[in-house]
Amino acid sequence: MDVKSSLLFLLPILLLLPSSHATLTVGFYSTSCPPVEIIVRSIVAAAVIENPGIAAGLIRLHFHDCFVRGCDASVLLRSANGTAERDAIPNASLRGFEVIDSAKAQLEAACPNTVSCADILAFAARDSAAFVGDTDYVIPAGRRDGSISIDTEALSNLPSPTSTLAELINAFAAKNLTELDMVTLSGAHSIGVAGCGSFSNRLFNFSSTSQVDPTLDPDYAAFLLSRCPNDTATAKVNLDSITPDVLDNNYYLGLTRNLGLLTSDQALLTTTTSTAMVMENVYNPSRWARLFTQSMVKMGAIQVLTGTQGEIRRNCNVVNPTAVDLLLPKPTETSQVASS
């Protein structure tokens, strides 16, 4: 039996073998790649200095990754036929891919085949929060990368900007996150921007009795209409109109002044329970910062692959070739499909 036939024969058997499982740990790369966090932080620092808005993009990238198939870097995978997570409508405005790619390239040079793309995403989100807010924290690592990325799963798992409070609570509960986690992590909207399409439902034909959502502050609604004069406008608006470039608790202050941009933002004032959480964040910024770091760590552990599960991608955009792939003859024109 030749080598290729042997590999094809062994693959089904190998897939049945038990895999080891491990938990995420702080200092996971302390011996295998000691400079990992320094390298990622330096890459993120340069990117944030050049474009402060990229911090919000990297935090959002991590969130969108974790909510679909867990924190496995599936959001980074490209598909030749446009059916990967990053091709889904909710992910069309994601930013920061090039930062992750740059960090991965440097890490492959320093520590080949060692640091997962999923861990790079978690480190980059943490570093982004540190650079634009007083929210630095330690990150447990040891995630491994997945090999499946499907656009429809992004649609079914990611909360919508038009979500109600109940829908938000249910979406987070499906990931073992509490209502408090949801309200806390919504504070990430103290930085970043949203396109007109994300909140046009509040400006045009809101109801049979009101063209504009009456819960919007009138002056703020007028400002939004000046930026988005029709429901096809494509302008960007800051999610937080008070301190848009700082990750802080003023997002919650804005909600109490009817300055929440998205339906899902203002929805946090729907019940007495959620409103109490918002008010606590308004009056106790240090408590919110502490809870934010805890919830980010908790989110970063959603359905992680560890041990021998998944892989360590050499290129974050595509899955690694298998041993059989390497033996197959190369076609004259190649394309790598990352989703299935």
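**Disulfides and a helix pair**

Tutor: The torsion about the S-S bond of C33 and C111 is about 75°, so this disulfide (cysteine sulfur atoms within 2.5 Å) is right-handed. Before we go on: this is a predicted model, where local features need pLDDT of at least 70, side-chain atom pairs count only at pLDDT 80 or more, and totals for chains, interfaces and linings use all residues. Residues are numbered from 1 along each chain as its sequence is written, and side-chain values use heavy atoms, leaving out hydrogens and water.

Student: How many residues apart are C33 and C111?

Tutor: C33 sits in the loop between α1 (3–16) and α2 (36–50).

Student: Is the link of C196 and C228 left-handed or right-handed?

Tutor: Their sulfur atoms lie 2.0 Å apart. With -75° about the S-S bond, the link of C196 and C228 is left-handed.

Student: What is the pairing of the bonded cysteines in sequence order?

Tutor: The count comes to four disulfides. Numbered along the protein chain, the bonded cysteines pair as 1-4, 2-3, 5-8, 6-7.

Student: Which residues of α5 does α4 meet?

Tutor: α4 covers residues 97–110 and α5 residues 117–132. From α4, I100, A103, K104 and L107 make the contact (heavy atoms within 4.5 Å). Their partners in α5 are C117, I120, L121 and A124.

Key
Axes fitted to C-alpha atoms, helices over the stretch in contact; angles between N-to-C directions. Helix = DSSP H or I, 4+ residues; strand = E, 2+ residues; numbered from the N terminus.
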